[in-house]
Amino acid sequence: MAAGYNEEMKKRLGLALGGGSALGNAHLGVLQCFHDRAIPIDCIAGTSAGAVVAACYAFGVSIETMRTTAEKLSWRSISKFSPSKLGIISNEALAGVVKGLIGGDHRIEDARMPLAIVAADISTGEKVVYRSGSVLQAVRASAAIPIVFTPVVIGNDLLVDGGLLENVPMSPLVSMGADVRVGVNLSRWMPKKIPGNILDIMDRSISIMSRYTIPPLENEVMIEPHLEEYASSDFQKGQELADHGYRAAAHKIAEIEKLLGEKRGTVLQRLERWLRE
């Protein structure tokens, strides 16, 4: 009875982390808020910068380690000049950063929790969701900003930034069995900063295209930090961005806890009736 009871008691929470380059530091604040409030994450999905954070978190990298590493990054450190007719530079160096954090090129299915990484197939225009295979290749693909970064080839897929199709990857959480789905949208508020380079321009373009997300459905919550004072290249402002993420998450905690608690209450009532009978 105990095993079945515990399984019913627990409502599964899925977290979807959206793209935004350096703005992805805000995800670390969200994760810290969940940790401080003892809200468990049962599965996680990510797009672009969100894919980097999701992959690291799913493989057990601490929030503090991610924050320290992120503050040392720049566009230069995660890319290298690699001219091609399909792009200007390569983001292979990004894979090296992730590899150092998670300790190797692991397979997605070997993560500590179910993990999904979203990319876009530029040949077919279709969304590709990776639940298995090389985590480094999937992360590179998900974060390959079109035109600037050369697409990443995985099998027969020619892949670019997943933000083109689903910047906040809520849909994979459904197939991953999440009862409550929480998204983190970094593109809700239009940045006030003028883009400083072509990478900022392209990243901003994707953010504009994906700015208007589908309103949250039943059992869904959207966290939308106010990041309009920051640019996608503000890697050195990691702590500020994380603080914004933390505050935005804290505003939604009561709503999330309510959704997580509804099933528990129902199960408790059924158990009480069963004991009385």
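Is Glu-92 buried or partly exposed? In this predicted model, Glu-92 comes out partly exposed, at a relative accessible area of 44%.

## The Glu-92 pairing

Glu-92 has a salt-bridge partner in Lys-80, with 4.0 Å between the closest N and O atoms. Lys-80 sits in strand E3 (residues 80-84) and Glu-92 in helix H5 (residues 92-102), so this contact ties together parts that are twelve residues apart in sequence. Lys-80 is also partly exposed, at 45% relative accessibility.

## Other salt bridges

The structure has seven salt bridges. Among them is Glu-224 with Arg-188, at 3.8 Å from N to O. Here a loop between strand E10 (220-223) and helix H9 (238-276) supplies Glu-224, and a loop between strand E9 (180-184) and helix H8 (198-209) supplies Arg-188, so the link joins parts 36 residues apart in sequence. Glu-224 is partly exposed at 25%, and Arg-188 is partly exposed at 27%.

Then there's Lys-252 with Glu-255, at 4.0 Å. Both are in helix H9, three residues apart, which means about one helical turn separates them. Lys-252 is partly exposed at 27%, as is Glu-255 at 37%.

## Inside the fold

The largest nonpolar core runs to 71 residues, and those with the most contacts inside it include Leu-13, Phe-34 and Val-135. Val-135 touches Ala-55, Phe-59, Leu-115 and Ile-117, among others, leaving aside residues up to four places away in sequence. A second, separate core has ten residues, including Cys-43 and Met-222.

## Cysteines

Searching the whole structure turns up zero disulfides. Cys-33 is buried, at 0% relative accessible area, and Cys-56 is buried at 1%.

Terms used
Residues numbered from 1 in each chain as written. Predicted model: local features only at pLDDT ≥ 70, side-chain atom pairs only at ≥ 80, totals over all residues. Heavy atoms only, no water. Disulfide = S-S within 2.5 Å. Buried < 20%, exposed > 50% of the residue type's maximum accessible area, 1.4 Å probe, protein only. Core = buried A, V, L, I, M, F, W, Y, C linked by side-chain atoms within 4.5 Å. Contact = heavy atoms within 4.5 Å. Salt bridge = Lys/Arg side-chain N within 4 Å of Asp/Glu carboxyl O. Helix = DSSP H or I, 4+ residues; strand = E, 2+ residues; numbered from the N terminus.
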